[in-house]
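Here are a few friendly notes to read alongside the model. Keep the 3D view open and look up each residue as you go.

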Amino acid sequence: MAREVWNNRVGFILAAIGSSVGLGNIWRFSYVAYENGGGAFLIPYFIALLTAGIPLMILEFGLGSKFLGSAPLSFKRAKKSFEWIGWWGVIASFIITTYYSVIVGWSLVYLLKAFTLGWGADTGAFFNNELLHVSDSPWNLGNFSYPVLIGLLATWLIIWVVEKKGVQAGIERSSKIFIPLLWVLLTVLVLRAITLEGSINGIEWYLKPDFSKLTDIKVWQAAYGQAFYSLSLGMAIMITYSSYLPKKSDIVNNAFIVSLADGAFSFTMGFAIFGTLGYMAYTKGVGIEEVVAQSIGLAFVVLPEALNMLPGLKALTAVAFFMCIVIAALSSLISLVEAFASSIMDKFEMKRGRAVDLTIGFGLFFSLIYATRAGIYWLDIIDHFINTYGLIIVGILETVAIGWIYGADKIREWINTYSDIMAGTWWNACIKVVIPIILLYIVYTDTLSNLA
Ligand code: PHE
Ligand code: NA
């Protein structure tokens, strides 16, 4: 059976951007930047992109396009004993799939509610009580929250339809609609935010540079961690997507385009988030630190409250906001599911249809845990755990296995074959030294703080 191939280069790039632009760009980046020096954070972030994010993306694109396999198969073709590294990434992405799908489910519920601002005045009570029915006990796994369950089933249904159609008709076609739409929504959200009174204060908070932070190692650690997460690296995904590339592909250029587009999306989204928070703080007559929140709390509690307070275009803005979240997260979820499905297709010589049914069957089954009343406890714990011991460890293994054992020069030669801009010896240094050292440091400090 011939391997599926992208219809064209743009399709591949859009699909890779679809994977990378996700919740990390919407609720993670702006908060991480705000916490770590505001405008000054852009410097470590850009350096992290250049010295780690882009080089590792080049490596993953190189692996997939050279060995033409899902992550386990590509690693195996590089060296037989490397196969397990691919599986580690695949299993980590499967675990992410199980809770990422639930967040998409919540977002679908919010998207429907957005038309009427149906979350009501007390957005915290809506999220915790009405929607999640959060239980006091983390062991309350018997009771489902029915709205979440319905959102979750709808999410899996959409993924099933896209994945069944395959690389060109499913992933590529949906990316060609999703990604342009995402940028339109982003533009709408930024324009709405910056025309609100007080928004400038929020943006100032977001960007006001605190250069003294640049000497703080934690800031650098945050920059590298954010870059890896945001670019969907170490998750078997970029290897899988690049394994569908036609033979003559410009690896280096593609990696730059995808990474810079992801960074640009995050940076721009910060204006929408902090502009809106600035308006909210101004209206309440408080400082931004009283309204700012991160991740789930930001998207499902604080922003709905801010949307309630808008002077006009409430429902329109709310719909744009949640549509943006739904689409960004859906296209990332598709890539996670594809990484798993493609691996079992390769391993067991299975047809796509069957592999997709199996992946979605298991994915749905495990995701049900997070649709229970205790789900949010587990989501928090697993998310933290997998971000360190999934992608970061795989990143280390990848750079050591390919950079040191397989040989950085050998894979670089392939990477440069059809690339306009070539990866020079600087790339070897990033792969062999910079990335493993920084990632090891992240795992080390994270483990220490987990033990504490
Ligand atoms: N890159 C995605 C984001 O920024 C997150 C993600 C990580 C998605 C790993 C898939 C796999 O939200
Ligand atoms: Na991202």
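**Notes on a helix, a ligand shell and a loop**

1. Let's begin inside α12. Its buried residues are Leu298, Ala299, Phe300, Val302, Leu303, Pro304, Ala306 and Leu307. Please remember that this is a predicted model.

2. What covers those buried residues of α12? The cover includes α2, α5, α6, α11 (251–284) and α13.

3. Now check the length of α12, which runs over residues 295–309. Its 15 residues, at 1.5 Å a residue, should span 21 Å, and the C-alpha atoms at its ends are 20 Å apart, so the two values agree.

4. Next, find ligand 1, which has 16 residues around it. The closest are Gly22, Leu23, Gly24, Ser232 and Ser332. Two or more residues of this shell come from each of α1 (9–20), α2 (23–35), α5, α9 (217–230) and α13 (314–348).

5. How many residues of the shell around ligand 1 are nonpolar, polar or charged? There are six nonpolar and ten polar residues, and no charged ones.

6. Finally, visit threonine 116, in the loop between α5 (83–114) and α6 (123–131). Is threonine 116 buried or exposed? It counts as exposed because it has 11 C-beta neighbours inside 10 Å, and the cut-off for exposed is 12 or fewer. From the C-alpha atom of threonine 116 to that of aspartate 409, 293 residues away along the chain, the separation is 58 Å.

Note on methods
Residues are numbered from 1 along each chain as its sequence is written. Chains are lettered from A and ligands numbered from 1 in the order in which they are written. This is a predicted model: local features need pLDDT of at least 70, side-chain atom pairs count only at pLDDT 80 or more; totals for chains, interfaces and linings use all residues. Helices (H or I, at least four residues) and strands (E, at least two) are DSSP runs, numbered from the N terminus. A residue is buried if 20 or more other C-beta atoms lie within 10 Å of its own, exposed if 12 or fewer, and partly exposed in between; C-beta atoms are placed from the backbone. A residue is near a molecule or strand if its C-beta atom, placed from the backbone, lies within 6 Å of it. Ala, Val, Leu, Ile, Met, Phe, Trp, Tyr, Cys and Pro count as nonpolar, Asp, Glu, Lys and Arg as charged, and the others, Gly among them, as polar. The expected span of a helix is 1.5 Å times one less than its number of residues. Two residues are in contact if their C-beta atoms, placed from the backbone, lie within 7 Å.
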